[in-house]
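Subject: Structure for you to look at

Hello,

Here is the structure I said I would pass on. Please open it next to this email and follow along.

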Amino acid sequence: MLHSYILPALKRTGLVVAEAACLLLLASMIQMHAPSPALADEFTKEDLAKWERQFMDVVAEGEKLFHSALGRNTVSCDMCHPNGANTHPETYPKFQKQIGKVVGLREMINWCIQNPLEGDPLDLDSPEMVALEAYIKYERRGVKLAPGKH
Amino acid sequence: MKKKTTRRNFLKGAAAAAAAASLPLSLVEFSWGKQNPQNFTLAYISDSHLTHIKGTEFVRNFDKGLKRAVTECNFMSPKPDFVIYGGDLAQLGKRQELEHGLEIMSRLRHPVKWVIGEHDYYLDLGRFWQDKISKLTYSFDHKGVHFVVLNSILTYDSWMKQWETPEERMGNMARLDNPNGSPFMVGEPQIKWLKKDLAKVDADTPVVVMSHSPLYKIFKPWNFWTDDAEQVQAVLKPFKKVTVLHGHVHQILYNQIGNITFQAMMSTAWPWPYPVSYAQKKSQVPKLTVFMNRADPFAERDATGWSILDLDSGRVTNHYKLWENQDRTLRFDEKLKAPVDTRYQDESSRIPPQTHY
């Protein structure tokens with residue numbers, strides 16, 4: 001009805017802006033019968049549980065990688081670092097003497113893969129690297145940040 | 001100033017020697033044996049974890065460690081009476097690894113007394129070791145000291161039976177932080193054997209026990225542990241001087257529990273963190289221990305090494321030969337009745353690298 005009579009009538013009177021207003025009115029009439037949109041960052045307990053599960057899945061993936069041969073000589077990270085001990089993730093980034101500069105945890109992981117594990121470095125943003133970091137940090141949960149500590 | 005050898009002195013000496021030669025034999029034995037053990041030197045090499053990759057390829061890093069210990073031990077002066085191999089010659093108990101280890105150890109110019117480790121045992125349950133290397137449990141006397149070797153890395157039958165293959169069983173025991181692991185034990189049969197063996201030993205005779213794992217409780221999650229430690233310690237209680245020498249932990253660790261001194265030996269392969277470094281679980285690392293310097297991963301042989309042991313009146317002085325580091329020495333302090341580090345035991349002498357976190 002709106003299209004066949006009212007709009008053409010409004011057009012004849014030159015009121016183009018009215019067209020937009022009508023559309024808005026139409027839209028709001030439709031909206032009154034639909035649910036309101038989700039507000040930014042209002043997450044539920046179920047969301048938290050779901051996201052934690054997703055994180056722990058990645059931690060589990062990291063644990064598998066940590067305990068597997070990432071290089072060519074069958075040596076795995078856990079052989080020197082049972083439960084990720086002595087990796088000190090809370091101290092990165094820090095100056096690493098023999099690398100000669102301040103590096104992050106992932107650079108140090110790659111140093112270990114290339115040297116004692118005689119392997120090839122992982123891409124710093126690869127899912128494997130994220131998983132390893134997740135596991136190492138999870139095993140060190142609760143320890144205060146101390147970036148730069150030797 | 002040395003006395004000149006005059007004819008009078010010579011005759012005096014000869015008379016004394018003649019008098020000694022006429023003493024009853026039992027008195028001579030008395031002065032060298034029971035009440036007065038001789039002083040002598042031993043070497044202790046342990047935890048080489050030789051790892052087979054494929055074909056004739058082994059992990060170079062670990063090969064280098066054992067080879068270096070063997071070479072340095074060959075140059076010892078004074079020579080050791082014998083060398084103790086503390087266990088974990090192989091990494092996964094494979095025939096290739098054990099044979100590779102035997103080949104390197106055969107270059108040693110001194111006799112060897114062998115102690116088995118879990119990495120040697122769990123693939124074939126010690127069959128190769130007993131066939132080609134040594135008995136698992138035995139004792140012997142040497143210059144007035146009674147030595148005992150125990151297989152301290154046994155575990156519960158129920159855990160042993162659950163694995164589908166020997167490789168699976170070995171792999172699960174090899175992983176230090178395995179949540180499906182099982183605690184070590186000496187076990188009833190060996191404890192019975194130990195009681196019988198020590199029944200013939202005088203309480204004043206110094207006893208040295210060699211086992212792979214520590215015969216006390218430090219950190220169960222990593223099997224720095226013996227489940228029946230108290231029972232073993234009870235059998236050793238009547239003896240005035242007892243020292244337990246062990247490997248397995250790959251770090252400087254020492255303790256005194258009653259009459260028993262415990263000393264850990266280094267690994268030739270790689271160091272392990274102190275259990276205090278694992279934030280999620282509590283540990284019972286002995287307060288007496290002054291930690292070794294934190295391992296520098298950039299120096300391949302750091303925090304690895306071997307030991308020269310001086311037996312002095314039945315007490316063990318442990319000279320840790322630490323590659324890439326200053327050597328450390330443990331001596332038994334008769335006043336404290338405990339082993340102490342000769343340089344760093346006092347709190348005020350500690351240095352920053354000894355702080356582990």
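Before the first item, one term: two residues are in contact if their C-beta atoms, placed from the backbone, lie within 7 Å. Please also keep in mind that this is a predicted model.

The sheet in chain B

Strands of a sheet pair through backbone hydrogen bonds, either parallel or antiparallel. Chain B has an open sheet of 7 strands, in the order β5-β4-β1-β12-β13-β14-β15, and the pairing is mixed. At its edges are β5 (112-114) and β15 (338-341) of chain B, each of which pairs on one side only. From one strand to the next the twist averages 25°.

- Strand β4 (residues 83-85) of chain B runs parallel to β5(B), and 3 bridges join the two. V83(B) is opposite V112(B) in β5(B).
- β1(B) and β4(B) are also joined by 3 bridges, in the parallel sense. Here Y44(B) stands opposite I84(B) in β4(B).
- β1(B) pairs with β12(B) in the antiparallel sense, over 5 bridges. T41(B) has D310(B) in β12(B) as its bridge partner.
- The bridge partner of D333(B) in β15(B) is A338(B).

β14(B) and β15(B) form a hairpin with 4 residues between them. In the turn, K337(B) has a positive phi of about 60°.

The nonpolar core

In soluble globular proteins, nonpolar side chains tend to be buried together. The largest nonpolar core in this model has 103 residues. Those with the most contacts inside this core are A43(B), Y44(B), I45(B), I84(B), Y85(B) and V209(B). Leaving out residues up to four places away in sequence, Y85(B) touches I45(B), S46(B), M105(B), V112(B), W114(B) and V115(B).

Two helix pairs

Two packed helices are described by the angle between their axes and the distance between the axes.

In chain B, helix α9 (residues 188-199) and helix α10 (residues 229-236) pack at an angle of about 10°, with their axes 10 Å apart. Angles under 35 degrees count as roughly parallel, and α9(B) and α10(B) are therefore roughly parallel to each other. I191(B), L194(B), K195(B) and L198(B) in α9(B) meet Q231(B), V232(B) and V235(B) in α10(B). This contact is made up of 5 nonpolar, 1 polar and 1 charged residues.

In chain A, helix α4 (residues 105-114) and helix α5 (residues 127-138) have axes that come within 11 Å and cross at roughly 105°. That makes α4(A) roughly perpendicular to α5(A). L105(A), R106(A) and I109(A) in α4(A) meet M129(A), L132(A) and E133(A) in α5(A). By class, there are 4 nonpolar, no polar and 2 charged residues in this contact.

Between the chains

How many residues of chain A are in contact with chain B? There are 20 of them, in contact with 17 residues of chain B. The chain A side of this contact divides into 8 nonpolar, 8 polar and 4 charged residues.

Regards

Technical notes: Residues are numbered from 1 along each chain as its sequence is written. Chains are lettered from A and ligands numbered from 1 in the order in which they are written. This is a predicted model: local features need pLDDT of at least 70, side-chain atom pairs count only at pLDDT 80 or more; totals for chains, interfaces and linings use all residues. Ala, Val, Leu, Ile, Met, Phe, Trp, Tyr, Cys and Pro count as nonpolar, Asp, Glu, Lys and Arg as charged, and the others, Gly among them, as polar. Axes are lines fitted to C-alpha atoms, for helices over the stretch in contact, and angles run from 0 to 180 degrees between N-to-C directions. Angles under 35 degrees count as roughly parallel, over 145 as roughly antiparallel, 65 to 115 as roughly perpendicular and the rest as oblique. A nonpolar core is a set of buried Ala, Val, Leu, Ile, Met, Phe, Trp, Tyr and Cys residues joined through C-beta atoms within 7 Å. A residue is buried if 20 or more other C-beta atoms lie within 10 Å of its own, exposed if 12 or fewer, and partly exposed in between; C-beta atoms are placed from the backbone. Two strands pair if DSSP finds at least two bridges between them.
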